[in-house]
Amino acid sequence: MKKFLTVLLALAMSMSLLLTGCGSSDKSEESGSSTESETKEPSEVKVAILLVGTINDFGWSQAGYEGVAEAAEEYGFEYAYSESVALADMESTLRDYANQGYDLIIAHGDEFSDAVATVAPEFPDSNFAVSNGAQDLALDNAIGMDIRNEEQGYIAGYALGILTESNKVGWIGSMEGTSQKRVENGFRQGLKASNPDAEPMVSYVGSYSDTAAAKEQAQAMIEQGADVLFQYAQGAGPGVVQAAAENKVKIVVTSPQQAEMAEGYAAFAIQTVNKDLIKMLIEAYMNGEFGADLQVQGTFATNLFQINSIDNNVISEDDMAKIQEQVDGLINGTVELETAR
């Protein structure tokens, strides 16, 4: 029977953040097979995480890094990270960590899926996990953690459909990929559900970290009449937030820090609490539960997504109640979404 790991948001799990990662060791330690089912000795474990953004992007990459850092503080294993990994460097970066004897290599984003599918079979003694990756990688030593990003996009789109007065609603992503398209798809469905007359305006920055380009795209949308925005542009996202604040345009953001950047204009943050997702993946590995039959899934029902930083001066309590009804519908199954793959 397949094991199903539910992602549970627990405030009691909060710990002091470890802000600096341990450096890579020169020695290569041979790790155990991914099929072993035994508790790992922390002093013998090395974990690495690859990020498409930076560890201070106030979003996806930072939360992933913090998940590894906090787990390392709890368990005492060695860890390393690589930030702003370009598509062209993904395979080589994965191989570097595997060659250095890293036991668990976390590729934080579906952008790494193809690279992991290529590299993992070359290193059967290392284990790989892809955030937002396809769950069935058909590999004994690699899993995909499925995050239902369309739920996050749906709630943002639903909220902005309520808030818009011009009926022009902007969405800005980083680079086209599975997770981005799932968010966009959900955004379109949510917008249609709350305001069928609203026009979605969609663009991609073409970068995970170019805040200037993101800001320019947001500015262009505003000049074309968009009066509300949602950004899912990862490390480039703060550029969109800055444009919204400077132009006094309402926005839904993806972290409390971004809400502070656009104080008075950010309706709320809809956050992917992937830090806890990463920590629970590592817990499964440390307990000897990692393998092809391990499933890690993130949804509203498993508390991966969290709405916080609500500003009732930007969005009313009545409107937030409508949005909560939609969240409840996603949890109990009365709201069903089409999934883009």
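**Terms and values**

Modeller: I begin with Lys181 and Glu184, whose side chains meet in a salt bridge at 2.9 Å, N to O. The model is a predicted one: local features need pLDDT of at least 70, side-chain atom pairs count only at pLDDT 80 or more, and totals for chains, interfaces and linings use all residues. Residues are numbered from 1 along each chain as its sequence is written, and side-chain values use heavy atoms, with hydrogens and water left out.

Biologist: What separates Lys181 and Glu184 by about one helical turn?

Modeller: They are three residues apart in helix 5 (residues 178-194), which means a separation of about one helical turn. Helices here are DSSP runs (H or I, at least four residues), as strands are (E, at least two), and both are numbered from the N terminus.

Biologist: How do you know whether Glu184 is buried or exposed?

Modeller: Buried means under 20% relative accessible area, exposed over 50%, and partly exposed in between (1.4 Å probe, protein chains only). Glu184 has a relative accessible area of 6%, so Glu184 is buried. Lys181, at 31%, is partly exposed, whereas Glu176, at 58%, counts as exposed.

Biologist: Which side chain meets that of Arg95 in a salt bridge?

Modeller: The partner of Arg95 is Glu91, at 3.3 Å, N to O. Because Arg95 and Glu91 are four residues apart in helix 2, about one helical turn separates them. Arg95 counts as partly exposed at 24% relative accessibility, and Glu91 counts as partly exposed at 31%.

Biologist: How many salt bridges are found in the whole structure?

Modeller: The search finds twelve. A network of salt bridges links Asp146, Arg148, Glu150 and Arg182.

Biologist: Why does Thr93 count as buried?

Modeller: Thr93 lies in helix 2 (residues 90-99). Its relative accessibility is 12%, so Thr93 counts as buried. Leaving aside residues up to four places away in sequence, Thr93 touches Leu50, Ser82 and Val85; contact means heavy atoms within 4.5 Å.

Biologist: What makes helix 4 roughly antiparallel to helix 10?

Modeller: Helix 4 (residues 149-163) and helix 10 (residues 317-332) pack at an angle of about 155°, with their axes 10 Å apart. Because angles over 145 degrees count as roughly antiparallel (under 35 as roughly parallel, 65 to 115 as roughly perpendicular, the rest as oblique), helix 4 is roughly antiparallel to helix 10. The contact is made by residues including Tyr154 and Ile155 of helix 4 and Ile323 and Val327 of helix 10.

Biologist: Which residues of helix 7 are buried?

Modeller: In helix 7 (residues 237-247), the buried residues are Gly237, Pro238, Gly239, Val240, Val241, Ala243 and Ala244. Their cover includes strand 7 (168-173), helix 6 (211-223), strand 9 (228-232), strand 10 (250-253) and helix 8 (256-261).

Notes. Axes are lines fitted to C-alpha atoms, for helices over the stretch in contact, and angles run from 0 to 180 degrees between N-to-C directions. A salt bridge is a side-chain nitrogen of Lys or Arg within 4 Å of a carboxyl oxygen of Asp or Glu.
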